[in-house]
Amino acid sequence: MNAAQGFSLNEGEGSLFTVNRFNWSELIPLRLWGRTLGLQTENSQFILEGMPFRIFGGSMHYFRVPREYWEDRMLKMKACGLNTLTTYVPWNLHEQERGKFDFSQNLDLEAFLSLAAKNGLWVILRPGPYICSEWDLGGLPSWLLRDPEMQLRTTYKGFTEAVDAYFDHLMPIVVPLQYKKGGPIIAVQVENEYGSYAKDPNYMTYVKMALLNRGIVELLMTSDNKNGLSFGLVEGALATVNFQKLEPGLLKYLDTVQRDQPKMVMEYWTGWFDNWGGPHYVFDADEMVNTVASILKLGASINLYMFHGGTNFGFMNGALEADEYKSDVTSYDYDAVLTEAGDYTSKFFKLRQLFSMIIGQPLPLPPMIESKASYGAILLHQYISLWDVLPSLLQPIKSEFPINMENLHLNDSSGQSYGYVLYETVIFGGGHLHSRDHVRDRAQVFVNTMYVGELDYNTVELSLPDGQGFRQLRLLVENRGRVNYGLALNDQRKGLIGDVFLNKTPLRNFKIYSLEMKPGFMKSLRHVAGWSAVPDYFVGPAFFRGRLWIEHQPQDTFLKLQGWEKGVVFVNGQNLGRYWKIGPQETLYLPGPWLWKGSNEIVIFEERTAGRIIQSVDIPYLGRTQYVD
């Protein structure tokens, strides 16, 4: 059946009539100055400025979408029938080094929230400090893990002091944008899914007070799945629930933890995320829209997670650790309502039809979609081996013992957060190399420059060939992304987290090179001596470069890396993210605003087997699909 069928707009049918009677699409937030009441709960429904209100929300994260496209995605939200935008705030981007805060350019939260207001969208803000979100360490900065005693998401002093310093910078941006101050923020979430962690009974009260003491005056909410609901509550905050399948009685279950309160699905999962080595998950559009219709018919408010997923640009993807460690892919397409590149899906049009019938009046026309470009084959004509880059660009840290990435003395004592670390030591002879499971997450092993094999979670030992005299043993260790959900957050240090043994003797006296591949390093790489023509056959690790010439106004495109094995792509200095031949993802999204008319520099760091060309195509390929059970 059509998902919109069976709806009655008469009074009493799940309060749907209130949307029609009081048309919030006409009320642009910036016009409503001098507001006093805000979003309230009364007799199992939301009230906004004294009038009944339903939240039709959608999640979109400013840090996953190029700034130039923020407004386009917001207009598409409005055209779908939504009235509220929901976003997380990633602490690990805003304070990449301890005490240095960045709210500029693509991290300009104030501009993002003001743009939502301009486009007639209310905002539910989810400032964390932990956000989950399939994002490295759930948005927590990795420098927190420099403290060997660190207890994340608790009232441990080392953690709360860091949160307090961060909130002292974040909240002055947020507070003036609250509803009662004339801004778009109608609700603020306290932490995120704490019921699934629940290590400290005092922690949620601490976060709540950290918000209130800094001037948050709007409605507070919590967000949990069913199993965590009762453990994630905090007095004074409305509990909301997250799910994909509407089990019988699931929304009524909210009544067991709070009586006579409006029901809100904070995360209705419109799709799912992908892991390297797995399928591309999709969630049936008809099943999704029928479930949304059922939720609304029960009188609940809803937020679509995700409305638009975007991209885990750079090294920012998270990971899962259930039975085994699995890192998330670069794309955060999520099989959401809009694609990774912001295009419409069948979900968009089905939801638009549903919301239009409920609201009972025409919705804004959907904006035109941006056309995509296929720029064809791009030749990577030059390369330089990582071994040739080391002496000129990187100063090693010398240490008797291996040091994990976060505890390297770098970045004003904030350590290294992402990328790779190279550990070098001298060995005599060959034998049996054993990691004792101290590699996080994956190490390529070399004797001098000869590749010997890999160490990871599944492979913990290798045979090293015998040889004459002293030789260099090199372990190039990749941080594939920190786990973002579950009970293992305190154990997310990367690199070598302990001793590695050769013939039962621990290796000592390391030279440690940090390969974070930040913009400054990539700029220096451009001018380093030693770039040469790519031979017919070459194995990495190495950097490759080429140029893409664009005659006209640049457009979005997708880079296909057939023939390449595993690595990272940079375009004009922007880190697009990781590729890996094991899939499922086969193309990387390259936004048009990051390209220039004329010459564009493409640099690829390839760990192993390089191709000669990459393809710019106009259609993404995210891998073989599998329906979410």
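The lining of the second largest pocket in this predicted model divides into 13 nonpolar, seven polar and six charged residues. The volume of that pocket is about 540 Å³, whereas the largest pocket has about 1100 Å³.

**Pockets**

- Rolling a probe the size of a water molecule over the atoms shows where empty space is left.
- The largest pocket has 33 lining residues, and its volume is about 1100 Å³.
- Nearest the centre of the largest pocket lie L93, Q96, L107, P519 and Q574.
- Sorted by class, the residues lining the largest pocket are 14 nonpolar, twelve polar and seven charged.

**Helix packing: α2 and α4**

- Two packed helices are described by the angle between their axes and the distance between the axes.
- For helix α2 (residues 70-80) and helix α4 (residues 109-118), the axes come within 10 Å and the crossing angle is roughly 35 degrees.
- The crossing of α2 and α4 is right-handed.
- On the α2 side the contact is made by W70, E71 and M74, and on the α4 side by A111, F112, L115, A116 and K118.
- By class, the residues of this contact are six nonpolar, no polar and two charged.

**Three-stranded sheet**

- An open sheet of three strands runs in the order β1-β2-β3, with antiparallel pairing.
- The edges of this sheet are β1 (39-42) and β3 (51-53); each has a single partner strand, so one side of each is left without a neighbour in the sheet.
- From one strand to the next, the twist averages 45 degrees.
- Strand β2 (residues 45-48) is joined to β3 by three bridges, and the two run antiparallel.
- Within this pairing, F46 is placed opposite F53 in β3.

**Six-stranded sheet**

- Six strands make up an open sheet with antiparallel pairing, in the order β16-β27-β17-β23-β20-β21.
- At the edges stand β16 (397-399) and β21 (450-455), each with a single partner strand, so one side of each has no neighbour in the sheet.
- The average twist from one strand to the next is 25 degrees.
- Strand β20 (residues 442-447) and β21 run antiparallel and are joined by five bridges.
- Q444 lies opposite E454 in β21.

**Pairings of β18**

- Strand β18 (residues 431-434) is joined by four bridges to strand β22 (residues 461-464), and these strands run antiparallel.
- β18 also pairs with strand β25 (residues 501-502), in the antiparallel sense, over two bridges.
- Which residue in β22 is the bridge partner of L433? The partner in β22 is L462.
- In β25, the residue opposite L433 is L502.

**Backbone geometry**

- Most residues other than glycine have a negative phi, and most peptide bonds are trans.
- The peptide bond joining G540 and P541 is cis, with omega about 10 degrees.
- P541 sits in the loop between β28 (532-533) and β29 (542-550).
- A cis peptide bond also links G583 to P584, where omega is near 15 degrees.
- P584 belongs to the loop between β32 (574-580) and β33 (587-590).
- D260 is not a glycine, yet its phi is positive at about 55 degrees.
- D260 is located in the loop between α7 (250-257) and β10 (264-269).

Key
Residues numbered from 1 in each chain as written. Predicted model: local features only at pLDDT ≥ 70, side-chain atom pairs only at ≥ 80, totals over all residues. Heavy atoms only, no water. Axes fitted to C-alpha atoms, helices over the stretch in contact; angles between N-to-C directions. Left-handed = near helix turned anticlockwise from the far one by under 90°. Contact = heavy atoms within 4.5 Å. Nonpolar A, V, L, I, M, F, W, Y, C, P; charged D, E, K, R; others polar. 1 Å grid on protein atoms, 1.4 Å probe; cavity = no way out; pocket = protein on both sides within 12 Å on 5 of 7 lines; lining within 4 Å. Points joined across faces, edges and corners; volume = space filled by probe spheres on them. Pairing = 2+ DSSP bridges.
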